[in-house]
Amino acid sequence: MSHSALNSFDDFYQLLADSLAKNSLIKLLLSKYRGADKSLQRITIRPISLQNEPMLSFVYQHQTNHITKNLSYDEGLASIKLLLGSDFKSAHLATAQAEVQLEISKKGKVQISTHNVKQAVAAPLEHDREKKRFVDIERPFLTQLGVTDSQHNLIPAMSRKWKQINKFIEVFSQALEASPHKNDQPINVVDFGSGKGYLTFAIHDYLRHSLHNDAQVTGVELRQALADLCNETAATLDHQGLSFVCGDVRTHAPKQTDVMIALHACDIATDYAIHYGIRANADIIMCSPCCHKQIRPQMHSPELFKPMLQYGVHMGQQAEMVTDSLRALFLEANGYATKVFEFISLEHTNKNKMILAVKKPQHNQKDSAAILAQISDIKAYYGIKEHCLETLLAQTQAD
């Protein structure tokens, strides 16, 4: 059908049906809701595939939460016919060839305008298409936390935080896929130093909304006022399974933990967090260390290096490298596949390194012995007498 020939409901529905048949539908947005449910704002409809069956995903956006329903193409088209005109007075259809806007006046007059797309982009018919976006900018928690405004537009001052959230969820999702944890099993996540809850809410939302996992996520924050504020926000948004408690990594009572997260933990707080994760036998341990005060004063560099390390910044970089390398090796020795890589800068620090550890399916004691020997050699080379994480692990073994 020619887009210029659109002038009625039937034409619009036919174009929608044709786009589904040709796999060219990208998105249909229904807005200007005039129905009885005062909390409903809009519905976003996208094609997905569930168990190799083509479906339409309906995301009902309410003021405080989103509800997702998946329908077959026939059921979806029938539902759209009922919704549009009676409850919704506006529809924006995006296909690979064009964008079509339908408006219904108070008197019931239909007006349709079209805009051809210069570069056609085929709509991927995959259920994980939304997962690759990791975080939907229209999610209510982003508005509640001040990342987006009431129209779900990104607040410019929060652009860096928005990038951080997306990058973190991307890393988290990849770690989850590589871990021995199965997606159909509930996940228990503990996030130490949760602060205002940006990442804690994002993790919970991703697990519950994108993976449909019955996740239990706990944010642990030293400041009681922030923990209370986040709990109030979680209750307002009806984020079931999300809670915040006052405490820190040293005082929080051990519990079932599949994922342990500790970002911008200062100095040995990172060691306590890693120790918690190992002790809890967590499938995933994610740390972004800040400050490296314990190792630096112990280090005795060889004479050859002293001209380089007379500069404080170089000494600090060396201490950071040695400290985090030892942490990664201790994780390897305890049965984790570990990566150390640059991560997007955090809000309150210029540190951008992450230590990511994923539990291996099998643990070889001979490998552990070899890694512990490497750790011993590194300590001897630099004259390091004590490493907090090593001390904590030794205490656990003694107990």
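Which residue in S5 does Ser 31 stand opposite? Ser 31 faces Ser 90. The two belong to a pairing of strand S1 (residues 25-33) with strand S5 (residues 88-95), antiparallel over seven bridges. Strands here are DSSP runs of E, at least two residues long, and helices are runs of H or I of at least four, numbered from the N terminus. Two strands pair if DSSP finds at least two bridges between them.

This is a predicted model, in which local features need pLDDT of at least 70, side-chain atom pairs count only at pLDDT 80 or more, and totals for chains, interfaces and linings use all residues. Residues are numbered from 1 along each chain as its sequence is written, and side-chain values use heavy atoms, with hydrogens and water left out.

Now widen the view. Seven strands form an open sheet in the order S4-S3-S2-S1-S5-S6-S7, with antiparallel pairing. Strand S4 (66-71) and strand S7 (110-116) stand at the edges. Each has a single partner strand, so one side of each is left without a neighbour in the sheet. From one strand to the next, the twist averages 15 degrees. Helix H2 (residues 73-83) lies across S1, strand S2 (40-50), strand S3 (53-62), S4 and S5. H2 runs at about 35 degrees to S3. Such angles run from 0 to 180 degrees between N-to-C directions, with axes as lines fitted to C-alpha atoms, for helices over the stretch in contact. Contact means heavy atoms within 4.5 Å.

Next comes strand S8 (residues 188-192). Five of its five residues are buried, so S8 is largely enclosed by the rest of the structure. Buried means under 20% relative accessible area, with a 1.4 Å probe and protein chains only. Side chains in a regular strand alternate between the two faces of the sheet. In S8 both faces are covered: Asn 188, Val 190 and Phe 192 lie on one side, Val 189 and Asp 191 on the other. S8 pairs with strand S9 (residues 216-221) in the parallel sense, over five bridges. Phe 192 stands opposite Val 220 in S9.

Helix H8 (residues 269-279) is also largely enclosed by the rest of the structure, because eight of its eleven residues are buried. Among them are Ile 274, His 275 and Tyr 276. The buried residues of H8 pack against several elements, including S8, strand S11 (259-266) and helix H10 (312-333). Just after H8, Asn 281 takes a positive phi of about 55 degrees.

Terms used: Buried means under 20% relative accessible area, exposed over 50%, partly exposed in between (1.4 Å probe, protein chains only).
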